[in-house]
Amino acid sequence: MSSMIVRLQEERFEPGSLQSTLFDETNRTGGLVTFTGYVRATDAKGIPLKSLFLEHYPGMTEKSIKGIIKEALDRWDIESTCVVHRVGLLLPRDPIVWVGSAATHRGDAFNCCEFVMDYLKTKAPFWKKEETEEGVRWIDSLASDGDRIARWDAS
Amino acid sequence: MIKVFFFGRLRETLNASSIDISDLSELATVDKVRIHLSKSYGPIWEEALNQSNIVISVNQVVVSADTAIQDGDELAFFPPMTGG
């Protein structure tokens with residue numbers, strides 16, 4: 001039985017301690033792949049970022065992430081998966097998201113981590129708004145994120 | 001009655017987080033709800049709710065425009081997601 005941890009929180013998280021928690025979930029892990037997403041220090045034009053606000057849809061966001069993980073579990077042999085995503089007001093260089101997947105073999109862990117992260121970008125209800133000295137603006141979704149999803153659909 | 005939530009840029013443009021709709025007659029699908037709202041609250045709502053990239057969910061699951069709705073459903077309209 002594969003374990004699954006999904007957490008949304010305003011507080012900072014420590015990637016190292018999350019990795020230890022995930023590793024301790026089972027004693028069958030032979031490979032553990034993690035991804036940490038951070039707030040960039042500048043916007044797309046290179047202007048220093050003051051803050052990043054992350055809005056979500058309480059209830060649906062958690063459900064969507066669990067659905068994405070379940071889909072990954074159908075594809076690969078995974079021991080445990082963890083997604084921690086922050087919401088609310090974040091500062092430049094803050095960690096935003098952490099995805100970890102543990103498996104008996106590394107191939108499954110690599111695939112699961114990347115799949116969950118790719119789907120999370122476009123299928124979980126989060127919206128980013130960034131603030132610079134030029135003002136506040138909602139971030140548009142990227143076509144390249146959709147391309148990454150299409151790649152999994154084709155595989 | 002149904003409840004319709006708005007998120008992200010759409011929530012700010014409409015200046016509304018949610019709205020209740022009591023009279024569901026002639027509102028058989030989520031697209032009919034969208035059209036009803038776009039015609040009921042002036043040009044800002046009309047323009048915002050007619051953007052082609054709006055995502056719609058019913059009971060917290062993303063659906064297509066022709067999805068039927070029922071009394072008690074929770075709808076949401078929002079822009080494409082930008083998480084991660």
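Q: Hi! What covers the buried residues of H4(A)?
A: Going by this predicted model, the cover includes H2 and helix H3 (106–123) of chain A.

Q: And which residues of H4(A) are buried?
A: Those are A:Asp145, A:Ile149 and A:Trp152. They sit on the same side of H4(A), because they cover an arc of only 55° around the axis.

Q: Nice. Which exposed residues are on the face turned away from that buried side?
A: That face of H4(A) carries A:Ala143, A:Asp147 and A:Ala154, which are exposed.

Q: Remind me, how far does H4 reach from its first C-alpha to its last?
A: Helix H4 of chain A spans residues 143–154, so to speak a 12-residue helix, and reaches 17 Å, close to the 16 Å expected at 1.5 Å a residue.

Q: What about H2, how many residues does that helix have?
A: H2 of chain A has 16 residues, 60–75. From first C-alpha to last, H2 reaches 23 Å, close to the expected 22 Å.

Q: Which of the H2(A) residues are buried?
A: The buried residues of H2(A) are A:Met60, A:Thr61, A:Ser64, A:Ile65, A:Ile68, A:Ile69 and A:Ala72.

Q: Switching to the sheet: in what order do the strands come?
A: The order is E1-E4-E6-E2 in chain A, with 4 strands forming an open sheet of mixed pairing. At the edges are strand E1 (3–9) and strand E2 (31–38), each pairing on one side only. Neighbouring strands are turned by 5° against each other on average, direction ignored.

Q: How many bridges join E4 to E6, and do they run parallel or antiparallel?
A: There are 6 bridges between strand E4 (residues 80–86) and strand E6 (residues 95–103) of chain A, and the two run antiparallel.

Q: Last topic, the two chains. How many residues are in contact?
A: On chain A there are 25, in contact with 21 residues of chain B. The chains bury about 1,900 Å² between them, 52% of it on carbon and sulfur atoms.

Q: Which three residues supply more than any other three of the area chain A buries?
A: A:Tyr57, A:Trp127 and A:Trp138 do, supplying 36% of the area that chain A buries against chain B.

Terms used. Residues are numbered from 1 along each chain as its sequence is written. Chains are lettered from A and ligands numbered from 1 in the order in which they are written. This is a predicted model: local features need pLDDT of at least 70, side-chain atom pairs count only at pLDDT 80 or more; totals for chains, interfaces and linings use all residues. Side-chain values use heavy atoms; hydrogens and water are left out. The expected span of a helix is 1.5 Å times one less than its number of residues. Buried means under 20% relative accessible area, exposed over 50%, partly exposed in between (1.4 Å probe, protein chains only). Two strands pair if DSSP finds at least two bridges between them. Axes are lines fitted to C-alpha atoms, for helices over the stretch in contact, and angles run from 0 to 180 degrees between N-to-C directions. The arc is that of the directions from the helix axis to the C-beta atoms. Contact means heavy atoms within 4.5 Å. Buried area is the accessible area (1.4 Å probe) that two parts lose on being put together, summed over both.
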